[in-house]
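Subject: Handing over the structure

Dear colleague,

I am passing this structure on to you, and below it you will find my notes on what was found. Please read them with the structure open beside you.

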Amino acid sequence: MDLSAINPILLIASLMVAATPLLFAAIGELVVEKAGVLNLGVEGMMIIGAIAGFATAVESGSPLLGFVAAAVAGAVLSVLFAILTQFAQANQVASGLSLTLFGLGFSALLGQNYVGIKPPQMEKLDIPLLSDLPVVGPILFGHDVMLYVAIVLIAAVWAVIKFTRAGLVLRAVGENHDAAHALGYKVVKIRILAILFGGACAGLGGAYISLIRVPQWTEGMTAGIGWIALALVVFASWKPWRVLLGAYLFGGVTVVQLNLQAAGVAIPVEYLAMSPYLITILVLVILSADKSSAPAALGRNFHASR
Amino acid sequence: MIRLEKRPQPSRAWSLATPLVAVLATMVAGGLLFAVLGKDPLEAIRTIFWEPLFGEFAFYYRPQLLVKGAPLVLIAIGLSLGFKAGIWNIGAEGQYIMGALFGAGVGLAFYPHEAWYIFPLMVIAGGFGGWVWAMIPAYLKTRFGTNEILVSLMLVYVAEQFLASMALGLMKNPEGFGFPGSRNLQQYESAYNADLIAGSGMHWGVVAALIAVIFAYVLLNRHMVGYHIRLTGEAPRAAKFAGVNPTRLILFCLGTSGILAGLAGLFEVSGPSGQVSIDFNVGYGFTAIIVAFLGRLHPVGILLAGGLMALTYIGGDIAQANLQLPSSAIQVFQGMLLFFLLAFDLLTNFRLSFGKPEVA
């Protein structure tokens, strides 16, 4: 065992990469839940985004185009969820699960010809001077564009929810859909838009895994990250900045356990690999005492009877 | 203009018809999918649904129907109790793994001793393993209010890692020439869950599944606990006034589904699968969710739905061999089934009305 082989600067830099898929998926789901909809299909939308982004990037040679395709694919899959829950009034838990089961199968079908291929690489940011700074350079200025997009997205969601009218309407729909309906807001339309946004974000998160973090395609490669993103929204008490904090925390756990595996710690690999999931449960337990910040209409369907 | 009107009572006729309509719609959509994949859709559908039952090699496939159907029914029956009450255990896959590990662990501990009591002990240990794994989300939910969906699901990944650790470490066959995986329980008579009638596919898991169906039917229709489960699902507020204890209900529903999933794992590891290996679990715990919904959360419905789902597994294998249909296509097929089911369920609770809304 040689812990000195672990480089703290590289550790922090790779932690940020590991956290980014979670950031995308969780901030999308946060908006969906703010609108009062619980979409358990994050894992399914992520993996569809992962393969759509991967395939597009390989065929076109452009990772950026891959990300666009991933967002579109995630949003398209979320349309199915929107139809089921907003028009067919189906149970949201069951609909979300069906999305995940379908997504895992469908992505495997789409991806069978893409196993073992290397995707085109996304360029890393290289700002003269800034990127060459010691310590700060590789941590803050040495990543791919999408990592910064995720952080900007967090800030944007925070600002929209907190300061704009649209954010207020979104929250109203999530807190009390009957009251929002009575005020004349189109509950179903707003919810569908939120679901689409969530789908697109989950797709981006998936593509980040297959194009940058890993980068290759294997079946079921999201390995529960979509579910951790759902837990992260609870962890964040539905507050955007706390999503960032939580994602970096989980990213840190993942990266540290991978580094420990590589360093050959006496703990068996399987037990180290369990740790992100166990820590998710632990955090959920600690934070579940306070439910006051959850949107009041979360998971309840709306049907205008008149 | 088409509008939705809520029915005063859910339609009984549509409630029974939707699974059938959903299966038909899935066949059509699945056929389209197969056509896109360059296969003859009619041939593919025929291979999946007809070949295992009445085809040339049906004598071989029919027993498989019981082997694949039993774990699905066993798990789905347990899940349906919770789903009815709004308690979502979606980690049956993990409970299935833990049941198999506990049960196989007991069996392997006795090796090579032969005695009649070994298999019953394994059954108890299997149920216990599943129960313990399900009690974690149950306890956390009742004690801290933690979301059982996320906890039970996270525990699937933990169980998978635990399985890998056991298959490569503690339970590895010492005479296995270093290959991962445990001793084969099929070659250990006291622990082997053999067919009760040779070649019929009818092992103890099938018997347990049938007992579970009867048990669930009696529980839901003739017992106070079953009444409380239905009441909590349909009218939570009324249930509160009626004095239903939510803590006990959660512990009961999650515990029962854990035991049944654990048993399913034990019967699989000691019978058809035979050994603890890294890829022991094949997703029965997740497919059982589809089975539970397809069966309308009703014990008899689940029995039929389990049979149908087993059919798609076997038919999918045949189609994979004969038509080179990718194995994931059948997974997509199963996922679509749940989609259509949920969508057509609309007609159970709502009525479509055409024309302009009338003035009340």
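The second largest cavity is lined by Gly78(B), Leu79(B), Gly82(B), Ile87(B), Asn89(B), Cys253(B), Leu254(B) and Ser257(B), where a cavity is a set of points on a 1 Å grid over the protein atoms alone at which a 1.4 Å probe fits but cannot get out, and a lining residue has an atom within 4 Å of a point. The elements that each give two or more residues to this lining are α4 and α11 of chain B, helices here being DSSP runs of H or I with at least four residues, numbered from the N terminus. The space in this second cavity comes to about 30 Å³, a volume being what is filled by probe spheres set on grid points that are joined across faces, edges and corners. By class its lining has four nonpolar, four polar and no charged residues, with Ala, Val, Leu, Ile, Met, Phe, Trp, Tyr, Cys and Pro taken as nonpolar, Asp, Glu, Lys and Arg as charged, and the others, Gly among them, as polar.

Please bear in mind that this is a predicted model, in which local features need pLDDT of at least 70 and side-chain atom pairs count only at pLDDT 80 or more, while totals for chains, interfaces and linings use all residues. Residues are numbered from 1 along each chain as its sequence is written, chains are lettered from A and ligands numbered from 1 in the order in which they are written, and side-chain values use heavy atoms, with hydrogens and water left out.

Turning to the interface, 43 residues from chain B and 45 residues from chain A take part in the contact, which means heavy atoms within 4.5 Å. About 3,600 Å² is buried between the two chains, 80% of it from carbon and sulfur atoms, buried area being the accessible area (1.4 Å probe) lost when two parts are put together, summed over both. In chain B, Leu150(B), Met154(B) and Phe339(B) lose the most area to chain A, together 19% of what that side buries.

With kind regards

Notes:
1 Å grid on protein atoms, 1.4 Å probe; cavity = no way out; pocket = protein on both sides within 12 Å on 5 of 7 lines; lining within 4 Å.
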